[in-house]
Amino acid sequence: MVKDNNKTGHGETDRPDAYDRIIKYTGLFGGVQGIVALITVVRAKLVSIILGPTGFGISESFNRTLNLIKSVTDLGVPFSAVKTVSECGSANDSDKLGRSILITRTWAFITCMAGMLLCVLLAPLFSSWAFEGDRGYTLSFLMLSPVAAFSAVNGGEMAIMKGTGMLGQLARSQLFSVVATLFISIPLFWKFGLMGIAPSLVLVSFASMAITCMYSFRAYPYRIRPFSRSTLTGGFGMIKLGVFFTITSFFGSGAFSIIANYLMKHGNAEVTGIYSAGYLLISYLGMFVFSAMESDYFPRLSAVNKDRSKINELVNRQAEVALLLMAPMVVGFIVFLEPIVNLLLTSRFGDAVPMARLAAIGLAFKAMTQPLSYVSLAKGDSRTFMLQEVIYDIVFVAAVIGFFNLGGITMIGAALLIAAVSDMVIVYIITNAKYGVKYSRQAIRVFLLQIPMIAAAWVLVCCLSGVWVWVAGVLVLALSSVCSLGYLRKHTSFIRSVSDRVKKKIGKDE
């Protein structure tokens, strides 16, 4: 076994550089997600130009169906294995770590075979379901069956990399994978048109798996034991957690489907599109900060899941940093959203602006909620996690439908904000009651410092017009940024070193 120097042990929260680690990996994965989002937008634009609306629709239908097959057959292994591997890794026992990796890979192999077999056997049904009764795409789904296998293997290897702390390698593999997606798919679309869609999906999936495996196999040589009873039974706990996670994901998908269908029925396609565009913008904003939690924070939390004091410390530090990074981004988003929409979309999506501005405030509450919501998963308490998510889904659907009936698309923003606030309250009550985890005074102070500035930005853009919106908005953004940087500078050597370099540079120039 190759020992990874980035691997986190039980004492990680006691080190003075714990804040620096959060900043480092939030910046790393946030930056990667930013590049991924940019390349995705470029690819979508090129696909729409080369293949037109028909090709874009076919590609999306294939992707939606493949994602459904993957979520049904992977049994949540790509997520639950992170907990299993990180727990064994934190014990500094190479034998236990090796066994956890063996179990993960064995179950990933089983699910990859199941996914491919399901795709082959039900290809006519998937064609009919994805294309409204048309079975003419049966052959395409037969061709796409390896995608389910490649995705399952890729998910298992990514879980191993997260659990063993190979985060730099993971970030590079994600970046190389999305670049490969662009350079594989566009030439195929250009050469073969619609006939290139299925082959491109297969080759892209294989390339992503190969890139991930290149890093993980180098550290941990590949071994599986699909016919070993002890290996199979050793993964039952991981599978149980994964299945609950998968069921919870289905509830979430169901909530989105209910809302989309309701808006289509009681509004129209344009209303549904505006809502989807606004929600997508908010999701992209949150992705810059929250993307690091599953890759870095969750494995560290799983490694110390039996130590209440360390859990409390990790939760609060993660919440503080997430909010300090998120708050200035939310303020900037609220102030500059209108030109952002005109740049990324078109002026026809202008009605998404007031909705998204209100909903963006909820990201500050999510920054406080997200670290807490992982505690039940880190402890393997899948039922509590599912309870939290189902309650949120019910509140989410009820609020969106109710507020849409009250005030149309704009009021959906208020519904999303209320759902975020209620989620923070509910998750906190449950997590505090079951595990004794609570917010520290320091985390609460950071929250009470930034929330008024976010609210002020929203009030200003609603009440002012013309140049005064930009003047006032920039001032609030500067104030929020200064407060965040001041706090981070005090607690992190990384921010101090950067600010000191800037000061020296300015001094030299003068």
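Does I110 count as buried, exposed or partly exposed, and at what relative accessibility? In this predicted model, I110 counts as partly exposed, because its relative accessibility is 27%, a value between the 20% limit for buried residues and the 50% limit for exposed ones. The residue is found in helix α3, which covers residues 94-121. The C-alpha atom of I110 is separated by 12 Å from that of A148, a residue 38 positions away along the chain.

Helix α3 also takes part in a contact with helix α4 (residues 123-130), in which the two axes are 4 Å apart and the packing angle is about 75 degrees. This angle makes α3 roughly perpendicular to α4, since angles of 65 to 115 degrees are placed in that class. On the α3 side, the contact is made by L118, C119, V120 and L121, while α4 contributes A123, P124 and F126. The residues of this contact comprise seven nonpolar, no polar and no charged.

The residues of the contact of α10 with α14 divide into 19 nonpolar, five polar and four charged.

Aromatic side chains were examined next. A pair of aromatic rings is described by the distance of the centres and the angle of the planes. The count of aromatic pairs comes to 20. One of them joins F62 and F141, with 5.3 Å from centre to centre and 85 degrees between the planes, an edge-to-face arrangement. Because F62 lies in helix α1 (residues 18-73) and F141 in helix α5 (residues 138-143), the pair ties together parts that are 79 residues apart in sequence. F62 is buried, with a relative accessible area of 2%, and F141 is likewise buried, at 0%.

The rings of F217 and Y222 form a tilted pair, because their planes stand at 40 degrees, with the centres 5.0 Å apart. F217 counts as partly exposed at 31% relative accessibility, and Y222 is also partly exposed, with a relative accessible area of 35%.

Helix α16 (residues 441-463) has 23 residues and spans 33 Å from its first C-alpha to its last, close to the expected 33 Å at 1.5 Å a residue. The buried residues of α16 are A443, V446, F447, Q450, I451, M453, I454, A457 and V461. An α-helix has 3.6 residues a turn, so residues three or four places apart point the same way.

In helix α7 (residues 167-192) lies T181. This threonine is buried, because its relative accessible area is 15%, under the 20% limit. Leaving aside neighbours within four places in sequence, T181 is in contact with R43 and V204.

How values were computed. Residues are numbered from 1 along each chain as its sequence is written. This is a predicted model: local features need pLDDT of at least 70, side-chain atom pairs count only at pLDDT 80 or more; totals for chains, interfaces and linings use all residues. Side-chain values use heavy atoms; hydrogens and water are left out. Helices (H or I, at least four residues) and strands (E, at least two) are DSSP runs, numbered from the N terminus. Buried means under 20% relative accessible area, exposed over 50%, partly exposed in between (1.4 Å probe, protein chains only). Ala, Val, Leu, Ile, Met, Phe, Trp, Tyr, Cys and Pro count as nonpolar, Asp, Glu, Lys and Arg as charged, and the others, Gly among them, as polar. Rings of Phe, Tyr and Trp (its six-membered ring) pair if their centres lie within 6.5 Å; planes under 30 degrees apart count as stacked, over 60 as edge-to-face and the rest as tilted. Axes are lines fitted to C-alpha atoms, for helices over the stretch in contact, and angles run from 0 to 180 degrees between N-to-C directions. Angles under 35 degrees count as roughly parallel, over 145 as roughly antiparallel, 65 to 115 as roughly perpendicular and the rest as oblique. Contact means heavy atoms within 4.5 Å. The expected span of a helix is 1.5 Å times one less than its number of residues.
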